[in-house]
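Let's take a walk through this structure together, one stop at a time. Have the view ready and follow along.

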Amino acid sequence: MPDKYDVVVIGAGPAGYVAAIRAAQLGLSTACVEQWLDAKGKVRLGGTCLNVGCIPSKALLDSSYKFAEARDHLAVHGITVKDPGIDVPAMLERKDKIVDQLTGGIAGLFKHNGVTAISGTGKVLSGARVEVTDKDGKVQVIGAGNIIIAAGSVPVNIPPAPVDNKYIIDSTGALELTEVPRRLGVIGAGVIGLELGSVWGRLGSEVVMLEALDDFLPMMDAQVAKEAARIYKQQGLDIRLGTRVTGAEVKDGAVVVTYSSAGGEKVETFDRLIVAVGRKPRSQELFASDSGLTLDERGYIFVNDYCETEAPHVFAVGDVVRGPMLAHKGSEEGIMVAERIAGKKAQMNYDCIPSVIYTHPEVAAVGRTEQDLKADGVPYKAGVFPFAASGRALASNDAQGLVKILAHAENDRILGCHIVGPSAADLVQQVVIAMEFGSSAEDLALTVFGHPTLSEAVHEAALAVDGHAIHIANKKKRS
Ligand code: FAD
Ligand code: AMP
């Protein structure tokens with residue numbers, strides 16, 4: 001192994017492994033240091049996303065949705081399914097196989113592109129050097145022309161609910177439950193809490209979500225959040241807002257949770273409790289005090305818009321820096337940084353990052369919300385189209401929700417899109433592309449959409465921006 005590389009990446013999650021692959025594609029000698037080990041003590045690539053995040057959660061969401069479909073939604077098609085059962089260990093095994101396949105795939109991509117994977121814990125030293133400590137405590141120092149830190153994030157723990165990984169579990173534990181809890185408490189009705197609550201709720205748990213804030217999904221467009229809340233309630237998720245958990249104690253094989261809400265102090269007992277109150281950057285013990293790196297007030301590594309830290313030739317990307325904690329945000333930052341190291345003029349459009357909640361229906365968003373635009377005094381127009389008026393959604397018996405497009409009132413430029421509905425994650429991407437190209441709502445409205453597709457709801461919402469929707473009665477008439 002050489003003792004100096006053009007680029008050394010710390011962390012092989014979606015930010016780090018993508019940065020490493022792109023750097024190698026650009027002809028830079030590249031190593032990626034990763035501390036995660038598999039059961040056999042071998043380096044495990046893919047980070048949170050592939051191992052305990054995006055991919056395993058989606059695998060369980062898909063399995064549990066198929067089960068719920070068979071149990072609840074096939075009769076309307078004239079299909080009879082008698083007493084569908086769920087084999088939880090088999091469901092987990094399927095998920096584990098997908099994770100193994102994908103993490104192994106990254107190893108293959110590293111090999112193909114000539115990225116050297118180094119097993120160990122990396123630390124940035126002054127003078128663009130990386131200290132790597134392997135699992136046996138052996139230390140080596142590698143020289144680096146450039147360093148990309150992609151150390152990711154870890155779940156936030158709160159003192160009132162200490163995770164014991166048996167009864168009180170975090171998001172990782174919630175992907176490993178071997179049986180369906182009868183009563184499941186979830187602290188935090190954010191993205192991860194809603195996805196994991198939905199998995200186990202569909203499989204039969206009585207799910208109670210305890211959320212400290214009075215507002216539901218405050219970062220989402222309020223109209224979409226309200227519609228999503230209505231649908232989740234119909235599905236049986238008991239979401240209690242304004243409810244702050246103050247204690248959780250394991251007693252006789254159950255978790256006794258105390259919380260305060262408008263009704264005063266209350267106590268509830270659950271079979272399992274998931275703590276899903278957010279994630280924090282993994283920025284501790286990552287750099288030497290004389291390395292020139294600093295943290296911001298929330299513990300993120302301080303970077304500018306190009307992900308440059310305050311130390312020359314040291315970059316940081318992904319969850320360990322400011323911005324939404326999303327896999328694709330980190331990956332794009334990784335590509336930008338690799339290209340800039342290679343001398344290209346890359347930059348990142350932070351205004352155009354989609355975010356999704358993978359419940360059913362999905363909730364997806366890009367750009368500004370209506371409440372943001374109002375607060376900032378931006379003149380805007382809104383076009384809304386309900387899936388109840390979409391032929392394709394009705395044909396699929398999946399017609400809850402709506403598409404909303406927001407455009408500037410004067411120049412018609414699309415400012416945001418918010419969807420709750422079937423395939424919202426894929427539909428919103430059409431608007432992400434339109435926004436990336438600086439499209440107006442009229443550009444989308446003048447585009448030909450295939451029929452019958454769910455995408456037509458996006459088209460109709462774009463038409464509705466100027467009161468031209470065809471398949472609903474427009475509220476406002478414009479020429
Ligand atoms: P990570 O994926 O956390 O990877 C960092 C890597 O660095 C890890 O492998 C870690 O072991 C390694 N590392 C850390 N420190 C060191 C060190 N000193 N030396 C060597 N290695 C080190 N995002 C989405 O976009 N879509 C989703 O659907 C989605 N679902 C999620 C579901 C769950 C349950 C969770 C928990 C997260 C989900 N996320 C989702 C968030 C997503 O997983 C993260 O945003 C993403 O993984 C961040 O990528 P990253 O590369 O910055 O960090
Ligand atoms: P997210 O950051 O999207 O994962 O959401 C985490 C949610 O957990 C936030 O909405 C927080 O308000 C919520 N939360 C944090 N601490 C508590 C607590 N003690 N009780 C209930 N909810 C909490």
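Asn397 sits in the loop that runs between helix H9 (391–395) and strand S21 (402–408). In this predicted model, the phi of Asn397 is near 55 degrees, a positive value in a residue other than glycine. Most residues other than glycine have a negative phi. Asn397 counts as partly exposed, because its relative accessible area is 40%, between the cut-offs of 20% and 50%.

Cys307 also has a positive phi, near 65 degrees, and you will find Cys307 in the loop between strand S16 (279–281) and strand S17 (314–316). Is Cys307 buried or exposed? Cys307 is buried, as its relative accessible area is 0%.

Next, look for two cis peptide bonds. Most peptide bonds are trans. One cis bond joins His360 and Pro361, with omega about -5 degrees; Pro361 belongs to the loop between strand S18 (355–357) and strand S19 (362–367). Another joins His451 and Pro452, again with omega about -5 degrees, and Pro452 lies between helix H11 (441–445) and helix H12 (456–465) in a loop.

Finally, turn to ligand 1. Around ligand 1 are 37 residues, and the closest are Glu34, Thr48, Lys58, Gly122 and Ala327. A backbone N or O atom of Ala327 is 2.8 Å from an oxygen atom of the ligand, while a polar backbone atom of Gln35 is 3.2 Å from one of its nitrogen atoms. The protein buries 96% of the 1,000 Å² that ligand 1 exposes when taken alone. Helix H2 (47–52) is one of the elements giving two or more residues to this shell, and H2 gives the most, with four. By type, the shell holds 17 nonpolar, 15 polar and five charged residues.

Key:
Residues numbered from 1 in each chain as written. Chains lettered and ligands numbered in written order. Predicted model: local features only at pLDDT ≥ 70, side-chain atom pairs only at ≥ 80, totals over all residues. Heavy atoms only, no water. Near = heavy atom within 4 Å. Polar contact = N/O pair within 3.5 Å; in protein donor to acceptor, adjacent residues only side chain to side chain. Areas by Shrake-Rupley, 256 points an atom, 1.4 Å probe, with all protein chains shown as cover. Nonpolar A, V, L, I, M, F, W, Y, C, P; charged D, E, K, R; others polar. Buried < 20%, exposed > 50% of the residue type's maximum accessible area, 1.4 Å probe, protein only.
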